[in-house]
Each structure stands twice: as structure tokens, then as C-alpha cells.
Amino acid sequence: MYVYDEYDQRIVEDRVKQFRDQTRRYLTGELSGEEFRPLRLQNGLYIQRYAPMLRVAVPYGLLSSTQVRKLAQIARDYDKGYAHISTRQNVQFNWPALEDVPEILAELAIVQMHAIQTSGNCIRNTTTDQFAGVAKDELIDPRPWCEIIRQWSTFHPEFAHLPRKFKIAVNGSAQDRAAIEVHDIGLEAVYDANGELGFRVSVGGGLGRTPIVGSFINAFLPWRHLLSYLEAILRVYNRYGRRDNKYKARIKILVKALTPEVFAERVHAEWAHLKDGPTTLTEAEVERVSAHFVDPAYKDLEDQEAALRALEAEQAGFARWRQRNAFAHKKPGYVAVTLSLKPTGVAPGDVTDRQLDAIADLADRYSFGEVRNSHNQNIILADVEQAQLFSLWGELRELGFATPNVGLLTDIICCPGGDFCSLANAKSIPIAEAIQRRFDDLDYLFDIGDIDLNISGCMNACGHHHVGHIGILGVDKKGQEFYQVSLGGSAGRDASLAQILGPSFAEADMADVISKIISLYVEQRSEDESFLDTYRRIGIDPFKERVYAANH
């Protein structure tokens, strides 16, 4: 993983000193709330329903065990003993005291971490596949390119005050696990006929109040020109993006208003002034960054599939867990393991200080001291020897991380909702728990198969409900919390937005509603047909009839 040099470290430490003084001046009344607001947002600090929330940057979701232990310590010393994994692979603390935040940032700086550009109208954390660097279907490791973008965009003066927040995702694999088509900019690694590496570029994707799937405006951008082309896109956005209405300020609104074709023309015209300029990447620069992402000291191992199948024959629980929570690795004899943060009764994505310490220990013993956060709000050990899988499973069971539900209905993506967020219209966490409790039969879950269920507490869509196979949105109806259901979304390749099922439902009805949707799917599916495939084949009307029939 990337390691700070002296220059990097000094920048972060200087920012801590600045914010310490800014916080002091606010607390003593020298700065007003309006004056302090942009300063705190530049350092990842939000004011939520009950307390500040601090969002800590985790570039492309990669953490060292040392950093994980520091997060555990901060959760213990400055919060209520837990942290939250966000859908942008970052870490959030929901209960810090405002006066403690400069101390937290100083603690983070010790382990080369910060909260810079995790909020505000700037370029946010660049995200990617949680299996980057180890996936069997990978064309390139996207992490060096994410790091190149991070270094270019951090403190970039031209993009510190954009019309709205800005999100970039990079995919380096055949399968899109980075959801690039619903980002402001999505980059997909491709090779041309001559074997030259480049990127297919999508712009104008995004969720929130106006969900839109991005448009590909460049089929092949040579890698050398990556930064200059990104700069051209952002300059066009900075120049033409709306600033009079925050609900119409995202780049997706601009792309739609201009049309993707006209937007692409303006980008190309701007790029003409930038191409082959100082931001042109060189092989030396790419090699410098890539040197931080070399393979760990893998052993030459034989595939252990036969031995693992023998263990599975004796331990049905292990078989289930391996089927759902283990991911094929590029290196023979290794596997990537997802630690589920979705046991029933726990807010999806929450992890305690003790669990964080345990994760750090597991990473040191099983996975070369590295940890990944996923935008699915789980944690990954990317480099586990197959021969150690059974012993790891035993430890994960004791720690509460072995729920064999990755990719299943109860592996719910869920924002904090009305329990924490001042923007939320409704609570999200109780809905997730009610659904998890209704679908507590593992045999039935495995029979249902892969389903993405996403829950957002408001139209900001932090739970990505628009791209869930089943999406749930909290809405306000005359001061009461209700929930709107949508079907058919997908964040993968050829992304699609979900279609609203119909009128919203009361909280008490939600588990029943999901049960009806699933029962119809099970009845209608053909052999080995996924929920999404069945929905696309039969359409939304049969689901409407099933769900609303008993209500009339």
C-alpha cells in the first residue's frame, strides 16, 4: 500500500495544526457557525442529529493493521466504542465531541491517515473493487491509478470549490465491482488492438434526488492522458455547472442538460489546451506509484480444493461460509475472505473497537497485515492461504464475522438513517433488522440466491437504493415514517435504475412486503435464474399485483 514520504506527512500534520486553531477560534466565539462550516467540512466533520460525525479517508478502501488498531483506539477513547464502514469505503465515527476532533486528527496523522476531502464540494475518495490486485478476472490492478488520482486531486486549488461533491471510481476487472456507471466519473481499464492500455470514460452517473446512469464519452483514453482528460472534464463542470441550486448542481444534471454528445465536445475542446502538458503521465511516474502495490511474499502453494471439500463434507457450516464469503484468488493456494458485518441485530457496517483490534490481529496472521473495506460495508482479508481457511473460519465465528450471507438478501447495504442523520426522513437500521429476522433460514437464503437489497433513509441515497435489486427509501408522509420500494436496479456492468413499485408502506409492513416480493420470484423463476433476470423477464406488474392485492 502507499506509504507517505516526508512531504506527504508534513502536509497532513500542517492541516491538523490549522484545524486545531480553527476549532479553538470557533469554540471561543471568534468564528461564527457559518465561518466554521466550510472549515469543518474540509476536514470531514458533519453535524448530525445528535452529535458530530467524523468521516475518515480510507483511499480506495485499503488499510494496514496498524491503521486498523488506531481506528480501534479512537473508537474507544473518543467515541462510543465502535466505527462504521461507509459505502465509499471510508470509516465514520458517529459520536466524537467537537473539541476532541483535532486530537483525533492528530492521532490519525501518526498512522498516515486523515479526513481531508471526505466532505464538501470537492473530489472525494476515489473508490475501486475491494478485490483489487487479487481478483482472477483482473486486467490491471486499479489501485496505482486510484493513488495517482488521489495525489493529483488532493488540495488541487481549482477543484476545492466545485458546484457540488464529486466522485470517481476505477474498475480494472472484467466484472464491474466498483459501480463505475453511477459515479460522476467512471474509469474502466481497456486495451486497444495494439495492446496499449487505456480507459473507457463514463461521466454523469450518480444517485440521490435525480438518479442517472452515466454516459461513456470516450471509448479509449490512452493512460498517459488520464489526468489531463480528467482535468478537462472538471474544468467544463466548474465552468458550466449550476451553483444557484444545490439540487441541480451535480455534473449529471449538466451532462443531461447539454446531452452527453455536447458535453463530450466541450471536454475535447478544453482538453486541447491541456493534452501533452505538465499533467501527462510518464512511465517513470506510474512505476513510482505502482512500486507501492507489488504482490506480497506469496508462497508457491498447491491448490487445496480437495482437502477443503473433505472438510466441507464434515462441516456444513464451513461449506456454507466458504461458498458465500470466499472469493477466487489470482494466486494458486490463496483466497480472499469477506468478513460479514451483517449479523442480525447489528447495524450494517458497524464494527466495535474490540472487533477492529481482532481484525488487525487476523490481518497480521492471515493476510500480510492488510485489510480492505468494501462499498458493500464489509471487510476483506485479501490474501488468505487456503490451508488456513478452516482455522480462520473458527476464529471468525467467535468474533461474529462468519455470517455466511455475502451477496444474499440479508447482506444489506444500509445508511445510518434517522437514528443518526439529520437529513433522513426515516430510520433505516430497524428496517434492515426486521428483514434479517424474517429471512433467518439459511437454507432458504441460499435457495433464493444473490440479491442486492439497499436501504436509504432519504433521497440523498447514501444506501444506494436506486441500484439495489430491491431498493427501499425512507419517506415522510405527514410527519410519519413510510418506505417506498423499488425493483430492478443494478450497479454492475450495464447498470440500471430501479423502478418504483407503487405507494409507500408503514414500517410494520416492510418485512411482509419483502416476503411477498421474494415468494413471487421463487414461484416465477426458471432454473438457475437470478432475481434480476426474473424481474427483467416478467416486469414489475406481477410484483405489484402480489404486494398490493391484500391491501385492497
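**View 1. Surroundings of tryptophan 145 in the predicted model.** Tryptophan 145 is in contact (heavy atoms within 4.5 Å) with Ile140, Leu197, Phe199, Trp223, Leu226, Leu281 and Val286, leaving aside residues up to four places away in sequence. The model is predicted: local features need pLDDT of at least 70, side-chain atom pairs count only at pLDDT 80 or more, and totals for chains, interfaces and linings use all residues. Residues are numbered from 1 along each chain as its sequence is written, and side-chain values use heavy atoms, without hydrogens and water.

**View 2. The largest nonpolar core.** A nonpolar core is a set of buried (under 20% relative accessible area, 1.4 Å probe, protein chains only) Ala, Val, Leu, Ile, Met, Phe, Trp, Tyr and Cys residues joined through side-chain atoms within 4.5 Å. The largest one comprises 102 residues, and Trp145, Leu187, Ile233 and Phe263 have the most contacts inside it. Helix α6 (residues 226-240) gives the most to this core, with 9 residues; helices are DSSP runs of H or I with at least four residues, numbered from the N terminus. Another core, of 39 residues, lies apart from it and includes Tyr483, Phe505, Leu520 and Val547.

**View 3. Strand β17 and its partners.** Strands are DSSP runs of E with at least two residues, and two strands pair if DSSP finds at least two bridges between them. In β17 (residues 453-456), Leu453 and Ile455 on one side and Asn454 and Ser456 on the other are all buried. Strand β16 (residues 413-414) runs parallel to β17 and is joined to it by 2 bridges, with cysteine 414 opposite isoleucine 455. Strand β18 (residues 470-477) is also parallel to β17, through 4 bridges; here glycine 471 is the bridge partner of asparagine 454.

How values were computed. Buried < 20%, exposed > 50% of the residue type's maximum accessible area, 1.4 Å probe, protein only.
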